Amino acid sequence: MRKAERESFLKSFGVFFFSLALLSGVLEYFEYFKLKHDIHEKVYNEMRLCSYDLKCTQYEFDFVPLESKKLYQLSESNQELYALFSLPKNDTYALKLSLSQSHYQKLLRQSQNLVIGHYLWALAIISLISALFSLYALHPLRRALRLTEEFSRDILHDLNTPLAALRLNVSRLSIAQKDEKKIARITQSIDTIVSLGDNLRGYLEEHDEKREHFDLHTLLEERLMTFQKLYPDITFSLNQETLLLDTNRDAFMRIIDNLFSNAAKYNIHYGTVTIGVNRSNASLLIQDTGKGIDHPEKIFERFYKENDRGMGIGLHIVKKFCDMLKISIEVESHPGTGSLFTLHLAALTVR
């Protein structure tokens, strides 16, 4: 079961379970008061019979001053449950039959245990029903996800052929033509499309089950070699600290590639990109000397962009991958001063 399916199942299960559990709890609450009322009825009827011959051992009896308002009704005090009955040819005293508070509480506990037992059985049945309902409700979402993924994979597969043809033709143009800037722009556009396809392909895959140990510094060096070729006018620098990570390498690489690409793409001419690994607090810092961001709080929103370049989904994909891999990401940026992205990797670090 995938992450979206698990989340949908758990939320559906929670709604079904807590709704039915609450309803069942209310019913059991009223059931308890019904049992309590039945206990009172039973005790009063037994006292009434006992008042004729006093042949009962569970009740104590006494003669008390007559209180006409309390005759023939069950009353409760801190010490006992009692009822008063009139005496023949006696207007001064009444017969008092009482049940000790300890005995009364014992009867109530029996009723409580019965109600709790019923409620626990009800919760077990509710859990089963909720799970079945949730699985049933999950089928449309699962089918829609499968169709979307299959469609996306088919599109990615179909893109490979025209992209390969474009690469081949561009390589021929580079031999026949001398306008290297135009060819470089075409090549960069093709690389952007390929990168988007890689992002989508990586996002469609299950990453939680594909964890591996790898050295962060080695991965960063490998990726920097690629980006230095793509952006020869940008200076990339990397410190010597490293971390050993345990996560999905391909998904983590997609995060790094998108951040490196943005840092270089929106940098000034002959700008710099500084990458630093901070071992003490398990973080990765990527700082550029670019134009900066007017609204850093919006950059992870889908399709948000502050200029005409790009599609506005690169950083949204970065945030999605970070959430998937349990990476906390922060950004500090001001117009004209560049940007600083910080990845907190404590959850992925091998101790």
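Does Ser-134 count as buried or exposed, and what is its relative accessibility?

Analyst: The model is a predicted one, in which local features need pLDDT of at least 70 and side-chain atom pairs count only at pLDDT 80 or more, whereas totals for chains, interfaces and linings use all residues. Residues are numbered from 1 along each chain as its sequence is written, and side-chain values use heavy atoms, with hydrogens and water left out.

Ser-134 counts as buried because its relative accessibility is 1%, where buried means under 20% relative accessible area, exposed over 50%, and partly exposed in between, with a 1.4 Å probe and protein chains only. Ser-134 belongs to helix H2, residues 101-176; helices (H or I, at least four residues) and strands (E, at least two) are DSSP runs numbered from the N terminus. Once its neighbours within four places in sequence are set aside, Ser-134 is in contact with Phe-9, Ser-12, Phe-13 and Phe-16, contact being defined as heavy atoms within 4.5 Å.

Of the contacts between residues at least 6 apart in sequence, 69% join residues at least 24 apart.

E2 is joined to strand E3 (residues 80-87) by three bridges, and the two run antiparallel; Ser-75 stands opposite Tyr-82 in E3. Within strand E4 (residues 90-100) lies Leu-95, which is buried at 4% relative accessibility. Not counting residues up to four places away in sequence, Leu-95 touches several residues, among them Ser-51, Leu-54, Phe-61, Phe-63, Leu-84 and Phe-85. Its C-alpha atom is 8.4 Å from that of Leu-66, 29 residues away along the chain.

The other sheet to consider is an open one of five strands, ordered E6-E8-E9-E11-E10 with mixed pairing. Its edge strands, E6 and strand E10 (328-333), each pair on one side only, and neighbouring strands are turned by 15 degrees against each other on average, direction ignored. E6 and E8 pair in the parallel sense over four bridges, and Thr-235 has Thr-272 in E8 as its bridge partner. Strand E9 holds Ile-286, which counts as buried at 2% relative accessibility. The C-alpha atoms of Ile-286 and Leu-340 are 5.7 Å apart, although 54 residues separate them along the chain. Contacts of Ile-286, with residues up to four places away in sequence not counted, include Leu-259, Phe-260, Ala-263, Val-273, Ile-275 and Phe-341.

Helix H5 lies across E6, E8, E9 and strand E11 (339-344), at about 20 degrees to E9, while H4 lies across E6, E8 and E9, running at about 170 degrees to E6. The 15 residues of H4 (residues 216-230) should span 21 Å at 1.5 Å a residue, which agrees with the 21 Å between its end C-alpha atoms; the expected span is 1.5 Å times one less than the number of residues. In H4, the buried residues are Leu-216, His-217, Leu-219, Leu-220, Arg-223, Leu-224 and Phe-227. They lie on the same side of H4 because they cover an arc of only 150 degrees around the axis, the arc being that of the directions from the helix axis to the C-beta atoms. As background, an α-helix has 3.6 residues a turn, so residues three or four places apart point the same way. Met-225 and Lys-229, on the other side of H4, are exposed. The partners against which the buried residues of H4 pack include strand E5 (212-215), helix H5 (249-265) and strand E8 (272-278). At the N-terminal end, Asp-215 caps H4, with a side-chain oxygen 3.2 Å from the backbone nitrogen of His-217.

Notes:
A polar contact is a pair of N or O atoms within 3.5 Å; within protein, one must be able to donate a hydrogen and the other to accept it, and residues adjacent in sequence count only if both atoms are side-chain atoms. Two strands pair if DSSP finds at least two bridges between them. Axes are lines fitted to C-alpha atoms, for helices over the stretch in contact, and angles run from 0 to 180 degrees between N-to-C directions.
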